[in-house]
Amino acid sequence: MRISPTTWAQTDHQKATAFAKHLTSIFQPFPSQLTQTEEDSIHNELLPPHQIVLPLKKIRVGEVKSVIQFALNSKKAPGYDLINGNIIKELSPKGLKALTQIYAILRLEYFPSHWKIGQIIMIAKPCKNPNDITSYRPISLLPTLSQILEKLILKRLLHIIEEFKIIPSQQFGFRRKHGTTEQVHSLVHTIHSAMEYKQYCSAVFLDISQAFDKVWHTRLLYKLKRTLPHPEYTLLKSYLSDRMFQVRYQEEYTPLHTIHSGVP
């Protein structure tokens with residue numbers, strides 16, 4: 001595999017190291033286009049504490065059991081801890097109760113560091129040169145226990161998002177009951193309406209390179225703080241900070257590397 005015009009990675013260890021180095025350069029925010037005053041203003045907004053509100057809703061055993069039974073994909077590969085969905089689904093009632101007690105950390109507005117480690121495997125993109133390091137797509141495998149907690153957090157966030165209409169109705173990606181078909185219907189309706197009233201109908205198509213990998217955490221937290229209540233914001237701040245990854249290639253594993261941008 002070619003790393004540079006003059007350098008090749010031949011062994012599995014060299015390839016894993018090359019992938020990790022490549023991803024480290026990707027998980028960095030784009031150079032800032034803000035002035036120093038604007039950046040300072042954003043950072044200062046993150047300093048004052050929120051107004052104190054009620055803590056997050058307590059997690060119940062039945063809620064954890066429901067997520068494990070109906071929302072956990074048993075076929076998905078495990079993360080670095082090797083705990084897969086099948087193991088979790090075999091937990092006894094006593095084990096479920098113990099797991100629920102662990103998830104009580106949700107009310108402490110803290111996300112455990114060990115559950116923020118992603119093990120990345122590289123999948124070759126179809127019809128791309130396999131000798132080019134940029135021809136591979138990273139797939140991040142997170143610990144199963146982390147995935148369950150994420151679903152519990154999402155359940156609490158959706159209630160706030162829907163109640164206060166935080167996400168605009170025109171946003172169709174990653175939303176329930178907002179698939180491609182509904183988006184096409186919306187687009188066609190807009191075009192037909194413009195034709196009927198003899199109006200211009202303009203469209204802008206924008207494709208942002210590495211849109212998710214380059215998300216600047218500071219600006220994201222600034223938006224979250226202005227949008228969400230204190231417990232949800234503080235929890236997501238813990239969730240986004242100090243995330244790590246390692247690359248697994250064949251039987252080789254790299255050391256942990258810090259993620260400085262992007263969203264899980």
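**Stop 1: the whole chain**

Start with everything shown as a cartoon. This is a predicted model. Look for nine helices and seven strands. Along its principal axes, the C-alpha trace spans about 65 × 55 × 45 Å. The protein has 264 residues, and 34% of them are buried. Now think about contacts between residues at least 6 apart in sequence: 68% of these join residues at least 24 apart.

**Stop 2: the largest nonpolar core**

In soluble globular proteins, nonpolar side chains tend to be buried together. Here the largest nonpolar core holds 33 residues. Select V64, I68, Y103, I148, L149 and L152, which have the most contacts inside this core. Next, colour the helices that supply at least two residues each: α3 (61-70), α5 (93-102), α6 (144-163), α8 (217-227) and α9 (230-240). Which helix gives the most to this core? It is α6, with eight residues.

Zoom in on L152. Leave aside residues up to four places away in sequence, and L152 touches I59, E63, V64, V67 and Y103.

Another core lies apart from the largest one. This second set has 17 residues, including I26, I120, I133 and F245.

**Stop 3: strand β4 and I139**

Select residues 136-141, which form strand β4. I139 sits in this strand. Is I139 buried, partly exposed or exposed? I139 is partly exposed, because its relative accessible area is 34%, between the limits of 20% and 50%. Show its partners next. Beyond its neighbours within four places in sequence, I139 is in contact with Q119, I120, I121 and I123. Now draw a distance from I139 to I123. Their C-alpha atoms are separated by 7.1 Å, while the two residues are 16 apart along the chain.

**Stop 4: the salt bridges**

How many salt bridges does the model contain? The count comes to three.

Begin with E63 and R156. Their side chains meet in a salt bridge at 2.7 Å, N to O. E63 belongs to helix α3 and R156 to helix α6, so this pair links distant parts of the chain, 93 residues apart. Both E63 and R156 are buried.

Check the surface around each partner. K155 is exposed, with a relative accessible area of 53%. E63 is buried, with a relative accessible area of 12%. Show E63, K155 and R156 together: they are linked in a network of salt bridges.

Move along helix α6 to E162. E162 pairs with R176, and the closest N and O atoms are 3.0 Å apart. E162 is in helix α6, whereas R176 is in the loop between α6 and α7 (180-196). The two are 14 residues apart. E162 is partly exposed, at 47% relative accessible area. R176 counts as exposed, at 59%.

**Stop 5: the second largest pocket**

What classes of residue make up its lining? Two are nonpolar, five are polar and none is charged.

**Stop 6: the largest cavity**

A search of the whole structure finds one cavity of 30 Å³ or more. To locate the largest cavity, select L72, N73, K76, A77, G85, T144 and Q147, which line it. About 40 Å³ of space lies inside. This lining divides into two nonpolar residues, four polar and one charged.

**Last view**

Conventions:
Residues numbered from 1 in each chain as written. Predicted model: local features only at pLDDT ≥ 70, side-chain atom pairs only at ≥ 80, totals over all residues. Heavy atoms only, no water. Nonpolar A, V, L, I, M, F, W, Y, C, P; charged D, E, K, R; others polar. Core = buried A, V, L, I, M, F, W, Y, C linked by side-chain atoms within 4.5 Å. Buried < 20%, exposed > 50% of the residue type's maximum accessible area, 1.4 Å probe, protein only. Helix = DSSP H or I, 4+ residues; strand = E, 2+ residues; numbered from the N terminus. Contact = heavy atoms within 4.5 Å. Salt bridge = Lys/Arg side-chain N within 4 Å of Asp/Glu carboxyl O. 1 Å grid on protein atoms, 1.4 Å probe; cavity = no way out; pocket = protein on both sides within 12 Å on 5 of 7 lines; lining within 4 Å. Points joined across faces, edges and corners; volume = space filled by probe spheres on them.
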